[in-house]
Amino acid sequence: MLLTDAPVLTELDGRDVTLRSLPVEGGVVHASLPGFVPGSVAAGDPIAAQLVSGGAVADVTGYYLQGLPPSRPLLADWRTWPWPPGLEPFLLMAHSSPHNQLCLMVDGEARPVTDQALGSWLRALPELNTSKRPLEDPVVALTCSTGAVRPRLADLVGRLVWFPHGEMTVGVKPLDAVGRAAGDKVRLGVHSTADGEGGQFRSSYPQGPAGDRVRFAYRSRFASRPADWLVERSAAPGTRAPVWLRPYPISGKRALGLCYFDRRDLASRSSALAAPVLSSSYVAWTPNDAYQPGTSAHPAPSAGALHAAARPWHSRELGELPFDPDGVAIVVCYVADGLFAVYDEWQDLTYWETPGAFGARLRKDLAEAGGSARGKLPSRVLLLTDFDAVSDSARGQLARGLGGTDLITVNAPSALFLDEGSELGVPRARIALLPATSRVTAPVWTATTTTGTSTTLPPAPAPGDRTDRALPADTALRGSVHTTRTPTHSTATPQPWSFDAGMRTLPAQRLLKWAPKRENQRRAALDSGADLADDCVPLAAEGFAAAYGRTGNRSAEAEDAAGDQVIAKKDWLGLMDILQVVPELWPDPAQLAKTLMQEPERLAVVRLARQNHHDHVILVVHGRDPDHPDQTGVWQVDFAKHPATRRITSQPELLTLMSPASSTALLDGSGLPLSLSGATERRIPYRAALPDPGASPAATDGPEQATLPGTYILQGNRNGASTNQSNSVLHTTDLGPCVAVCGHNGSLAFMIHSDSLASGGIGRTDLMLGIRRLVSIGTGDGWAISLIGGSTAGCSKYLHQHLPSATIRDLGESEGAFITETGLVAKTKRELAALLGVPSISITQ
């Protein structure tokens, strides 16, 4: 590790980077070290001096696994590399900064560089061009590292990237144990770490189709013994998988979607697994031999098409799926040599199960994902397998293990990918069939019953008869896109609109086409004597549905129930709940306008404070003009005015409109929440809504006291609890040096009164195992975790390591902690009462 206070470089264009290539036993090391800078003294850099010593032979055929520094290696601790033999990895040796940034020799000086700068520089090197180095050859960083995953680096170089977890050393061992005349052997070592997880290498695939292309390159070259490379860490053959391991939920709590991939694959496929819509059409991929990772995808000046070298795959449309995706549970996993891969996140290890064992596991996991108390299983399960297709015999065993659920499979390996070229305004996942290990003439989809009877599914209806379907579940990041009926209120029932096929128009255009029609319906109802006072909240809910094709950002069942409540009660907090957004209170008008204008198709649900009147809710949208699609602009949608839609023609006019905003929900082009403080990131709310900032559109006198059913959390990582019971609260006291770990994902809350990160506290259970006993949390996607107590800093660091995708907030010291089922977090009863908008609260046990 290199201790340096030099500024971090964010780009290397135009700079002189020292890189020396050293042929060694086992490959070539490309080193950027201080001792290799022209004019320097190699003796001042012991690593460089050892590598170029005349009597030394450098050996990079493997490495020593060493104990905690400064332990010395033992011969028995020799390890081979984790990638398959026969590859020629690009070995990059450099020091690292204490912040996990590689330090390259730039313009004669050791400078830490970001992964963005490093990847952009590496991909331009001739040594990494696919004409010289096949795509399956990985990039290996020989440096000190804490094991932090580096997906951005993998994305930029378009290859699998390996890096050590632990301090790396270069040591010398005499070739002759008696005398040194024969020279020395220079070998590498990786130290273990205090957490017991170091001393090994970790890796990252590129994300999306580029990652699928790398995996295909491996599959084409290493068709045999796939368990040796297909997953990052594989259990010994025949080892039985623990019964308690759980898959990653890719569809939230209320519906079904399971992922059995390991950490590395999950990160590479996360964008597709998190997409709220599953397209009803699918494609076939064949490898693009002209593909060159790192090539710009922007059109060439002389042609409007993407650069051929930028596309990992050639894609061929196969039409509509031969089944309706609605209500189908989606399961993704590997199958190889007739066995199914299941990942144990706790041990970071993949096990291999027979079809019968995997079918039984799948039945249990689907029942738990759907709610074991109800015991419900989906009527159909779509199983998408990578590396190989499910064989006929395995299909029957799986279906029998499922017991009563039909199994849908296809006769080719498959993958989900994010359709980035979609014009729908909503992220869509699509199914791609991959080239099979054996020649397949045409895709065949099969439905297999619990008796083992298989039926070939007939072709889908003609194009135009189907539209994109919503996934049957909440996604890991946000609720599903659920095309339900139009939310309406009883005093003036509008005619339901018809969505154009596939929702091909953009959200702003759909909203602006809907608003005049809805205004005419509302005026007709007023003329008939309907009382439509304070109907702005339900109209805003209708406007969201018109723009984005769904009622909200929760599951289908929750959307329908919550949507009815919003309409009946004209409830602002209910609207925020179904949108799953934390509204910005009294936002800065200039910042609000700036964020709205950053990207087209953004929508602001704006609550305006009005003196001596109830607050009023309007919509402000930025997007394309319905009548002039080549033009963009900003429109106000306000049914208290005529006409209801009005174009904002200047920045001062927009600021004037926004200035009385008491509360605002900002949504991106997919209808998902944004934050003014970080508009490039989707907001993951830690509570469903905040108290009203002023008079509600349906203001009523609140209760003097709220009485909540509560569960008291005892000390110990095994003693936590979770809740999704309406109006319930989890609470604890006497924290002292302990930490209350409070989590929420939009539908489920949990709390643990943690007295130890490891297993030394009450119950002899470490914190992460305690959390996973309560909830299925994966890497933390969609979860917001608040920490209250005396040792929050150490707990925060620990959780960031184990839950890198979670939003973690350190709320500081307190003797008590509270969390409601909606995610409201407080340190005291008084604070919780303020969040609930009541004078006081009483908790019943």
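**Close-up 1. Phe323 and Trp445 are both buried.** The model is predicted. The ring centres of Phe323 and Trp445 lie 5.5 Å apart, with the planes at 65°. That angle is over 60 degrees, so the pair counts as edge-to-face. Phe323 sits in the loop between β18 (313-320) and β19 (328-336). Trp445 belongs to strand β26 (residues 445-448).

**Close-up 2. Trp285 and Phe417 form a tilted pair.** In all, 19 aromatic pairs are counted. Here the centres are 5.0 Å apart and the planes stand at 45°, so the pair is tilted. Trp285 is in strand β17 (residues 277-287). Phe417 is in strand β24 (residues 414-418). The pair therefore ties together parts that are 132 residues apart in sequence. Trp285 is buried, and Phe417 is buried as well.

**Close-up 3. Four aromatic residues make up one cluster.** Its members are Trp81, Trp83, Trp162 and Phe201.

**Close-up 4. Arg213 places its charged end over Trp313.** The charged end of Arg213 is 5.9 Å from the centre of the Trp313 ring.

**Close-up 5. Arg269 lies over the face of Phe261.** The distance from Arg269 to the ring centre of Phe261 is 4.0 Å.

Terms used. Residues numbered from 1 in each chain as written. Predicted model: local features only at pLDDT ≥ 70, side-chain atom pairs only at ≥ 80, totals over all residues. Heavy atoms only, no water. Phe/Tyr/Trp six-rings, centres within 6.5 Å; stacked < 30°, edge-to-face > 60°. Helix = DSSP H or I, 4+ residues; strand = E, 2+ residues; numbered from the N terminus. Buried < 20%, exposed > 50% of the residue type's maximum accessible area, 1.4 Å probe, protein only. Lys NZ or Arg CZ within 6 Å of the ring centre and 35° of its normal.
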